[in-house]
Amino acid sequence: VHDLVHDPGPTANTKKHHQKNLTTVMADYTPASYKGDPSIPHADENNFKAWIGGCWGFVALNYAVDLFEPKPAWTPDYVLATAEEAHRKRCIKKGTPYKSLLQVREEKATKEWKFQTRKWKIERL
């Protein structure tokens, strides 16, 4: 069992010793922070750090989704603009007057509507 236990060696001990000295030296230069009225019950420092860390973790995960979420290569606006451009080029080649795709769709819909209403009127008579 003793063979499996890892001995950190002398460097770990010197690092711990250096950290203790550094924290004691820093405590001499910076006073303890004011933690509020002692008569008001407070959570211990570890719970507070966990709560704040959880809030920051939630914010980080919320924004990390935007980084990893698959997004379409083209937006609908881009596709429509490309189709409009191709339609305009075809109209120029043919020598026909240019009408936007929206105008063409509206004309088609009104023709269809006129046809449907005329058909309905014929059936009703």
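Predicted model: local features only at pLDDT ≥ 70, side-chain atom pairs only at ≥ 80, totals over all residues.

The secondary structure of this protein amounts to four helices and zero strands, where helices (H or I, at least four residues) and strands (E, at least two) are DSSP runs, numbered from the N terminus. Along the sequence, the pattern reads α-α-α-α.

Residues are numbered from 1 along each chain as its sequence is written, and side-chain values use heavy atoms, with hydrogens and water left out.

Of the 125 residues, 5% count as buried; buried means under 20% relative accessible area, exposed over 50%, and partly exposed in between, with a 1.4 Å probe and protein chains only.

Let me turn to Arg88, which belongs to helix α3 (residues 76–94). Its side chain lies over the face of Tyr98, at 5.2 Å from the ring centre; the rule asks for NZ of Lys or CZ of Arg within 6 Å of the ring centre and within 35 degrees of the ring normal. Arg88 is partly exposed, with a relative accessible area of 38%. The C-alpha atoms of Arg88 and Ser100 are 7.8 Å apart, although twelve residues separate the two along the chain.

Next, the cysteines. The count of disulfides, pairs of cysteine sulfur atoms within 2.5 Å, is zero. Is Cys91 buried or exposed? Cys91 is buried, at 8% relative accessible area, whereas Cys55 is partly exposed, at 33%.

Finally, the residues that line the largest pocket include Lys35, Asp37, His42 and Phe48. A pocket is an open set of points on a 1 Å grid over the protein atoms alone, where a 1.4 Å probe fits, with protein on both sides within 12 Å along at least five of seven lines; lining residues have an atom within 4 Å of a point.
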